[in-house]
Amino acid sequence: MKIPSQVEHLGHTYDVVYKPSAHDDAEGYVDFYDLKINLDTSLKGSRLEERFFHELCHIAYDSSGLKYIIKDKLDPEATEEMVVDLFSQAVYGLLARNKMI
């Protein structure tokens, strides 16, 4: 998979940038204010691809309205991370196994 330098979604353009230990020891994160997908510079190969896809799923989750349907009143961030983790791993695996990426 060739990771692009920019991604467009619903009229917004997100720049893809690489930084050491992106955010709170995470391997990547989306900065919705500055419209940036931040990826850890240590990631390579399929780990980088999966993390990029994971961050794309955060963008899709944010715009989908799922956060209003799937609510965990105790910890909404943990709920989002759980949904995005499960979805991104499953779909990335499916695409990779079928040579679609």
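Hi everyone, let's start at a turn: Leu10 has a positive phi near 50° in the hairpin of β1 and β2, where two residues sit between the strands. Keep in mind that this is a predicted model.

Now, the strands on either side of that turn. Strand β1 covers residues 6-9, and it pairs with β2 in the antiparallel sense through four bridges.

For an example, take Val17, which has Asn38 as its bridge partner in β4.

Let's stay with β2, which spans residues 12-19, and go to Lys19. Setting aside residues up to four places away in sequence, Lys19 touches Tyr29, Asn38, Leu39, Asp40 and Thr41. Tyr33 is 14 residues from Lys19 along the chain, and their C-alpha atoms are 17 Å apart.

Last stop: the helix. His58 belongs to α1, which runs over residues 45-64. Why does His58 count as buried? Because its relative accessible area is 9%, and buried means under 20%. Which residues does His58 contact, leaving out neighbours within four places in sequence? They are Val30, Phe32, Glu80, Glu81 and Val84. With Glu80 there is also a polar contact, side chain to side chain, at 2.8 Å.

Conventions. Residues numbered from 1 in each chain as written. Predicted model: local features only at pLDDT ≥ 70, side-chain atom pairs only at ≥ 80, totals over all residues. Heavy atoms only, no water. Contact = heavy atoms within 4.5 Å. Buried < 20%, exposed > 50% of the residue type's maximum accessible area, 1.4 Å probe, protein only. Polar contact = N/O pair within 3.5 Å; in protein donor to acceptor, adjacent residues only side chain to side chain. Pairing = 2+ DSSP bridges.
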